[in-house]
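Here are some notes to read alongside the model. Please keep the sequence and the 3D view open while going through the points.

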Amino acid sequence: MLKSIIKDARLELGLKQDDVAIALGITKQTYLKWENGSTEPKASQIVKLAKTLNLSTDEICTGKRNTKYPLDKFIARLTYYRASREIEVMEAWSHIADHDDFFRSINHNNMTTYEELKELKEHNS
């Protein structure tokens with residue numbers, strides 16, 4: 001549910017309700033209503049709410065938190081399940097929001113090695 005997702009995300013970030021309200025340019029009372037489930041944000045507020053709480057707009061709209069693993073753990077789990085390449089591709093296809101962006105990201109001219117990704121992640125942490 002939206003109310004628990006935004007509350008949990010806010011608490012994980014160590015933010016007060018006032019902090020979120022100020023960041024969004026709304027009153028604390030408006031934000032409190034979102035957190036207690038009596039109202040929901042307008043469509044125009046979802047992107048800013050998602051950015052403020054480090055959530056995706058999909059998480060806000062579906063009311064479900066996504067699980068993201070570090071790359072090494074993701075690869076280990078994928079290996080554990082031993083799905084066929086065809087099944088992996090079909091599942092990836094269904095979860096990718098923008099297929100053109102996906103193809104641009106895997107363009108061989110722009111490929112980043114696993115080690116480069118790992119270093120980038122450590123640098124950003």
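**Notes on the model**

1. Ile-5 is found in helix 1; helices here are DSSP runs of H or I with at least four residues, strands are runs of E with at least two, and both are numbered from the N terminus. This is a predicted model, in which local features need pLDDT of at least 70 and side-chain atom pairs count only at pLDDT 80 or more, while totals for chains, interfaces and linings use all residues. Residues are numbered from 1 along each chain as its sequence is written, and side-chain values use heavy atoms, with hydrogens and water left out.

2. Is Ile-5 buried or exposed? Ile-5 has a relative accessible area of 4% and is therefore buried. The terms work as follows: buried is under 20% relative accessible area, exposed is over 50%, and partly exposed is in between, using a 1.4 Å probe and protein chains only. Leaving out residues up to four places away in sequence, Ile-5 touches Leu-55, Glu-59, Gly-63, Lys-64 and Arg-65, where a contact means heavy atoms within 4.5 Å.

3. For the overall plan, the protein has nine helices and zero strands. Buried residues make up 18% of its 125 residues. Among contacts with a separation of 6 or more, 53% join residues 24 or more positions apart.

4. Next, the core. A nonpolar core is a set of buried Ala, Val, Leu, Ile, Met, Phe, Trp, Tyr and Cys residues joined through side-chain atoms within 4.5 Å. The largest one holds 16 residues, and the members that touch the most others are Ile-6, Tyr-31, Trp-34, Leu-49, Leu-53, Leu-55 and Ile-60. Helix 1 (2-12), helix 2 (17-24), helix 3 (28-35) and helix 4 (43-52) each supply at least two residues of this core. The largest share, four residues, comes from helix 1. In soluble globular proteins, nonpolar side chains tend to be buried together.

5. Which residues does Ile-6 contact, leaving aside neighbours within four places in sequence? They are Tyr-31, Trp-34, Glu-35, Leu-49, Leu-53, Leu-55 and Ile-60.

6. Helix 1 and helix 3 have axes that come within 7 Å and cross at roughly 120°. Axes are lines fitted to C-alpha atoms, for helices over the stretch in contact, and angles run from 0 to 180 degrees between N-to-C directions. Lys-3, Ile-6, Lys-7 and Arg-10 of helix 1 meet Tyr-31, Trp-34 and Glu-35 of helix 3. By class, this contact of helix 1 with helix 3 has three nonpolar, no polar and four charged residues. Here Ala, Val, Leu, Ile, Met, Phe, Trp, Tyr, Cys and Pro count as nonpolar, Asp, Glu, Lys and Arg as charged, and the others, Gly among them, as polar.

7. Helix 2 and helix 3 pack at an angle of about 115°, with their axes 8 Å apart. They are therefore roughly perpendicular to each other; angles of 65 to 115 degrees count as such, under 35 as roughly parallel, over 145 as roughly antiparallel and the rest as oblique. On the helix 2 side the contact uses Gln-17, Asp-18, Val-20, Ala-21 and Leu-24, and on the helix 3 side Lys-28, Tyr-31, Leu-32, Trp-34 and Glu-35. The contact of helix 2 with helix 3 has six nonpolar, one polar and three charged residues.

8. Helix 2 also packs against helix 4, at an angle of about 135° with the axes 10 Å apart. That makes helix 2 oblique to helix 4. Val-20, Ala-23 and Leu-24 of helix 2 make the contact with Lys-48, Leu-49 and Thr-52 of helix 4. These residues divide into four nonpolar, one polar and one charged.

9. Asn-54, in the loop between helix 4 and helix 5 (57-62), has a phi near 55°, a positive value in a residue other than glycine. Asn-54 counts as exposed because its relative accessibility is 62%. Arg-82 lies in the loop between helix 6 (71-81) and helix 7 (85-95). Arg-82 has a positive phi of about 50° although it is not a glycine, and at 72% relative accessibility Arg-82 counts as exposed.
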